Amino acid sequence: MSDIDPLRDLGLTQGPEGPTLRVWSASATRIDLVIDDAPHDRVVPLTRGDGDVWSATDPSLTPGRRYWLHADGPSGGGHAFDPSLELLDPYARGLGRTGRGGWQSAVVDESFDWGGVAKPRTPLDRVVVYEAHVRGLTRLAPFVPEELRGSYAGLAAEPTIEYLKSLGVTAVQLLPVHQHVDEQRLVAQGIENYWGYNTLSYFAPHTAYASRDAQLAGASAVLREFKGMVRLLHEAGIEVYLDVVYNHTAEEGADDGPITSLRGLDGSGYYRHDADGRSVDVTGCGNSIDTSTPAASRLVLDSLRYWANEVQIDGFRFDLAATLGRGADHVFDPEHPLLAAIVSDPALEGVKMIAEPWDVGMGGWQTGAFPHGWIEWNDRFRNRTREFWLTDVAAARANGLPPSGLGSFASKLSGSSNIFAHERGPLAGVGFVTAHDGFTLLDLVSYDAKHNLTNGEGNRDGTDDNRSFNHGIEGHSDNPWISDARRRSMRNLLATLFVSAGIPMLTAGDERGRTQHGNNNGYCIDSELTWVDWSDEPWQVALRDDVAALARLRAENPALRPVRFGVDGACTLSATQMSWHSASGAEMQPGEWNDAAVRTLQYLATSTPEHEAPNSVLVIVHGAETIIEVTLPTVDGVEGYEPLWSSDDRRLPDAGRPGETVSISGPTVVVYRVG
């Protein structure tokens, strides 16, 4: 880490002479610490020391105390010094609201009794991620006490945890929980940033997600409730991952954005600028953190260390992670020192690091390019899975044939070896069909186009590249044939997610058929539209049960979660091998992979036996609205096939022997245990 930044002990620490505040700024000419010492504020000048670190010691910096900073310095060149502004300590562990609607840094009591509860440290091959919004998950949950709904405590309520365990998820991945604020544009429109990708502080938990009692008790109580949530989830064996936004901050654009912390302390040291001092924005959010500078890199590492150790967080999902890997020339570098440090820092050992491997800058798409030790969201898996089950089927209805063959789909099923380097293996990728950004699972099978008028931007926001299929009618339908087809498509999408090599991620509410009525960009809507719907219609219960069954299937069959890429070739049930068969039972021929008329595939995989006894499964995929007879493959050592699960909810095939045929009707996934 020293080769990135020699700075240390920034923020508020307990020194030999008492509480000491240390702040970095290379460009400031004066920094004052202002302490709320009613009835009067008290000003304490900071002294510049080695490494451009300014410091002051004051015995009154004890839990509950509010404080802020004033900074002065030059103008131009990316600077925005204004000594009249109240600035936040970038390392403040807590924040409190001011009477003027702003925020002040708050000293917190960080003590907490973890009761000996350790991190679950779930092996990567057993991880099943559940992406959730703290507020949205339990805001409507009838099983959570009303005063706790939508809070950290509500997420940690016993019924919530039991529900998560019943689904078979091993980790909750929370949308941003760092203190965030609404963009000025949204405030002017009277709406808010529900998702929270507009960070005000990288160390303080978001106050509004705490229960009302904790909010009233202050920043220490908010932090304590957050830690209590983590402890209870850990007791249940569930890891906690945070979606973190180290690519930009809530200070928005350089010309008209608010100045709350970093920009007011040293804008040129924390944000990207060109040679003329103009802001460089590769995030689309008005500013970009410049991780080529020592201070910015150190800020990211120190924040990660704090959450991973003091708050016991198990993993991080990095929003627009390509931004973190851009050098001083603003070009992405997979060998960027910060990317290397994040996965090699001893203080972060064992912590899962998950990249959203893109941003909006030049060369922004970097899926597969991150270094060893990183895990990446696999958008190619999302795209091809949607195409195979939805747009290919829609195209076949319209034109008789889909636009492409099985080859790329098979690659995603077996771990995306065409994307991730051999030494990284299939566990370098997080497979997902939906995420917070985009259609929900039900909307994916119910809408051909986005319906975002509620957002107030004339339906211009949100992607148009949905790869969805409404099955004949846009939006809700009471037609039983359409409803059945949509639910079958959802089961096929979910099955592909859970039987594919890699790490599966499920979006909260998809297991219950949650809808946003076609809105694919609910970032600014905090209402029933974006909250999880806890109603229990029979089809919703059945879908939830299917998800639980698929998670259980994955846990019980190591062949579905290999730690290495399989070896193509005739399968003899020895480790790491796989074989591919057509509907006839014969091995797939080269010409069949790209033949659009071939829509049936049999995938026979055997587990990598590092930690468990070898296990083999056969996955049959039929991606057409036709009936087909499938001959079970004849393979050395295979005596029979035991059916475990089928997306055809009307019928699970009988057990079969090699060479026997099974009839499959319509788009279907069937999973067999091989014996």
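Residues are numbered from 1 along each chain as its sequence is written, and side-chain values use heavy atoms, with hydrogens and water left out.

As for confidence, pLDDT is the predictor's confidence in each residue, on a scale from 0 to 100, and its mean over the chain is 95, with 98% of the residues reaching 70 or more. The stretch I would flag is residues 569-575, where pLDDT stays under 50 and for which the model has 24 contacts beyond four places in sequence, a contact meaning heavy atoms within 4.5 Å. Where pLDDT is low, the predicted coordinates should not be read in detail.

Now to the sheets. Helices (H or I, at least four residues) and strands (E, at least two) are DSSP runs, numbered from the N terminus, and two strands pair if DSSP finds at least two bridges between them. Starting with the hairpin, strands β1 (residues 11-15) and β2 (residues 18-24) run antiparallel and are joined by 5 bridges, with 2 residues between the two strands. Within that pairing, Leu 12 has Leu 21 in β2 as its bridge partner.

What is the strand order of the open sheet? Its 5 strands follow the order β4-β3-β7-β11-β10, and the pairing is antiparallel. The edge strands, each pairing on one side only, are β4 (40-45) and β10 (94-97), and the twist from one strand to the next averages 40°. For angles such as this one, axes are lines fitted to C-alpha atoms, for helices over the stretch in contact, and angles run from 0 to 180 degrees between N-to-C directions.

Looking at one end of that sheet, strand β3 (residues 30-37) pairs with β4 in the antiparallel sense over 6 bridges, and Asp 37 has His 40 in β4 as its bridge partner. The loop between β3 and β4 holds Pro 39, and the peptide bond from Ala 38 to Pro 39 is cis, with omega near 10°.

The other sheet I want to show is a closed barrel of 8 strands with parallel pairing, running β12-β13-β14-β15-β16-β17-β18-β19. On average, and with direction ignored, its neighbouring strands are turned by 25° against each other. As one example of the pairing, β16 (residues 352-355) and β17 (residues 375-377) are parallel over 2 bridges, and the bridge partner of Ala 355 in β17 is Glu 376.

For context, most residues other than glycine have a negative phi, and most peptide bonds are trans.

Finally, the helices. Angles under 35 degrees count as roughly parallel, over 145 as roughly antiparallel, 65 to 115 as roughly perpendicular and the rest as oblique.

The axes of α3 (residues 158-167) and α14 (residues 538-556) come within 7 Å and cross at roughly 60°, and α3 and α14 are therefore oblique to each other. Here Tyr 163, Ser 166 and Leu 167 of α3 meet Arg 544, Val 547, Ala 548 and Ala 551 of α14.

Helix α13 (residues 480-499) packs on α14 at an angle of about 20°, with their axes 9 Å apart, which makes α13 roughly parallel to α14. The residues in contact include Met 490, Leu 494 and Phe 498 from α13, and Leu 543, Val 547 and Leu 550 from α14. By class, this contact has 11 nonpolar, no polar and 4 charged residues, where Ala, Val, Leu, Ile, Met, Phe, Trp, Tyr, Cys and Pro count as nonpolar, Asp, Glu, Lys and Arg as charged, and the others, Gly among them, as polar.

Helix α10 (residues 379-399) and α13 have axes that come within 10 Å and cross at roughly 150°, so α10 is roughly antiparallel to α13. Among the residues making that contact are Trp 389 and Leu 390 of α10 and Trp 481 and Leu 493 of α13, and the classes here are 6 nonpolar, 4 polar and 2 charged.

Notes:
This is a predicted model: local features need pLDDT of at least 70, side-chain atom pairs count only at pLDDT 80 or more; totals for chains, interfaces and linings use all residues.
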